[in-house]
Amino acid sequence: MFKPLRIGKHEARYPLIQGGMGVRISAGSLAGHVAKCGGVGLVASPGITLNSEFFDGKNYLKSNSVALKDEIRKAYEIAPDGIIGVNVMVALTDFEELVVAAVEAGAKVLVCGAGLPMTLPGLTAHAPDVALVPIVSSVRAAQLIAKKWDKAYNRRPDAVVVEDPDTAGGHLGEKLENIGIGEYDQYETVRGVKEFFRSEYGLDIPVIAAGGIWDRADVLHALAEGADGVQMASRFVTTVECDAEDAFKQAYLDCKKEDIGLIMSPAGLPGRAILTNQEGIVSYDRDRGSVCSYGCLKKCSYKESGERFCIVKSLDRAQRGEVDSGLIFCGTNAWKATRIETVQEIFDEIFSEAGAVAEDKAA
């Protein structure tokens with residue numbers, strides 16, 4: 001029933017990419033186990049040095065690339081033959097350095113969002129086997145990327161992730177006022193992106209649906225609507241293998257549907273998170289008179305004017321289990337988490353014959 005997912009020269013047994021989640025929510029352990037189970041495992045690069053042996057409190061940008069390489073190494077120790085990739089946000093100050101480090105460490109796939117990765121093929125020209133996958137939320141964005149890559153580098157994307165801003169977690173590629181108003185059609189966008197590459201380049205590249213993917217029914221729906229695979233993130237948080245502390249996972253288990261909503265990130269992008277601790281996030285920096293000491297983002301209202309909060313430090317606190325003052329990104333379906341499970345159990349539920357039988361009984 002489920003076809004393998006081929007991205008460039010790499011073929012995953014199952015049509016599933018584990019979404020990148022920072023800071024250190026999806027690091028070597030989660031990415032490695034997803035790859036071991038037959039999916040594409042992604043290490044999230046933002047702030048990857050925090051809570052690592054490589055960070056001394058002063059060398060954030062210098063040590064990020066070293067820490068990223070180490071997490072990729074850990075992932076390959078778990079899944080030596082698996083497909084390990086990296087999610088790199090275009091908005092990061094060290095975007096280019098992280099891309100280079102990911103390639104040097106053997107990443108097979110690079111997934112890039114939070115901006116249009118116009119220079120990505122140039123950074124990876126020496127490694128043509130590395131699959132390049134931009135994240136978009138519109139056909140127009142896919143067209144802009146493809147035409148720039150084609151003209152400047154004679155390169156096309158190996159796949160495209162279409163992220164639904166109405167359901168996805170973390171930073172979202174849409175204006176705040178346009179999210180949740182019922183006008184966005186993810187699968188119309190998926191089909192539009194596929195048609196663009198077919199008509200413009202004669203290519204049938206895989207288009208991946210991201211946002212709101214939780215169970216077997218969601219995966220089957222995405223495939224039936226024209227997607228070639230899915231990107232799933234929030235579901236993997238409440239796994240044994242997720243790199244976050246137990247308190248972070250417990251926040252997912254405890255949250256209610258109405259606890260999940262939108263915030264404005266200092267990066268200038270809306271984001272979806274658990275909102276029950278928003279005052280604690282802002283007051284943490286305000287009460288301590290904190291200042292930007294990492295410079296993690298190219299553009300940041302906190303760095304420039306002290307507005308809002310330091311996002312990378314708040315994400316780091318959450319990952320460490322300081323959930324009262326840490327930012328807990330999540331998708332709209334995080335409230336569905338009811339227990340800690342293993343990555344293998346998720347794959348079995350979604351892709352195995354046993355999962356199909358259970359679905360039939362439920363129906």
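Which residues line the second largest pocket? The legends below take up this pocket and several other close-up views. The structure is a predicted model, in which local features need pLDDT of at least 70 and side-chain atom pairs count only at pLDDT 80 or more, while totals for chains, interfaces and linings use all residues. Residues are numbered from 1 along each chain as its sequence is written, and side-chain values use heavy atoms, with hydrogens and water left out.

**View 1. The second largest pocket and its lining.** The lining consists of Phe2, Lys3, Pro4, Leu5, Arg6, Pro15, Pro206, Leu223, Ala227 and Asp228. The pocket holds about 200 Å³ of space. On a 1 Å grid over the protein atoms alone, a pocket is an open set of points with protein on both sides within 12 Å along at least five of seven lines, whereas a cavity is a set of points where a 1.4 Å probe fits but cannot get out; lining residues have an atom within 4 Å of a point. Grid points are joined across faces, edges and corners, and a volume is the space filled by probe spheres set on the points. By residue class, the lining of this pocket has seven nonpolar, no polar and three charged residues. Here Ala, Val, Leu, Ile, Met, Phe, Trp, Tyr, Cys and Pro count as nonpolar, Asp, Glu, Lys and Arg as charged, and the others, Gly among them, as polar.

**View 2. An aromatic cluster that includes Phe2 and Tyr14.** Phe2, Tyr14, Phe236, Phe347 and Phe351 make up one aromatic cluster. The whole structure contains 12 aromatic pairs. One of them joins tyrosine 14 and phenylalanine 347, a tilted pair with 5.9 Å from centre to centre and 50° between the planes. Tyrosine 14 is in the loop between strand 2 (10-12) and strand 3 (16-18), and phenylalanine 347 is in helix 12 (residues 343-351), so the pair ties together parts 333 residues apart in sequence. Rings of Phe, Tyr and Trp (its six-membered ring) pair if their centres lie within 6.5 Å; planes under 30 degrees apart are stacked, over 60 edge-to-face and the rest tilted. Helices (H or I, at least four residues) and strands (E, at least two) are DSSP runs, numbered from the N terminus. Tyrosine 14 is partly exposed at 22% relative accessibility, whereas phenylalanine 347 is buried at 2%. Buried means under 20% relative accessible area, exposed over 50%, and partly exposed in between (1.4 Å probe, protein chains only).

**View 3. Strand 4 and its parallel partner, strand 5.** Five of the five residues of strand 4 (residues 40-44) are buried, so the strand is largely enclosed by the rest of the structure. Val40, Leu42 and Ala44 lie on one side and Gly41 and Val43 on the other, and all of them are buried. In a regular strand the side chains alternate between the two faces of the sheet. Five bridges link strand 4 to strand 5 (residues 83-89) in the parallel sense; two strands pair if DSSP finds at least two bridges between them. Leucine 42 is opposite glycine 85 in strand 5.

**View 4. An open sheet of three strands in the order 9-13-12.** The pairing in this sheet is antiparallel. Strand 9 and strand 12 are the edge strands, each pairing on one side only. Strand 13 (residues 270-274) has five of its five residues buried, so it is largely enclosed by the rest of the structure. Two bridges connect strand 9 (residues 170-171) with strand 13, and glycine 170 is opposite arginine 272. Strand 12 (residues 260-264) is joined to strand 13 by five bridges. Leucine 262 has arginine 272 as its bridge partner, and isoleucine 263 is opposite glycine 271. Strand 12 and strand 13 form a hairpin with five residues between them, and glycine 268 in the turn has a positive phi of about 90°.

**View 5. The largest cavity and its lining.** The search finds one cavity of 30 Å³ or more, and the largest cavity holds about 60 Å³ of space. Its lining residues include Cys292, Cys296, Cys300 and Cys310, along with Tyr294 and Tyr302. Helix 10 (301-305) and helix 11 (311-319) each supply at least two residues of the lining. The lining divides into nine nonpolar, one polar and one charged residue.
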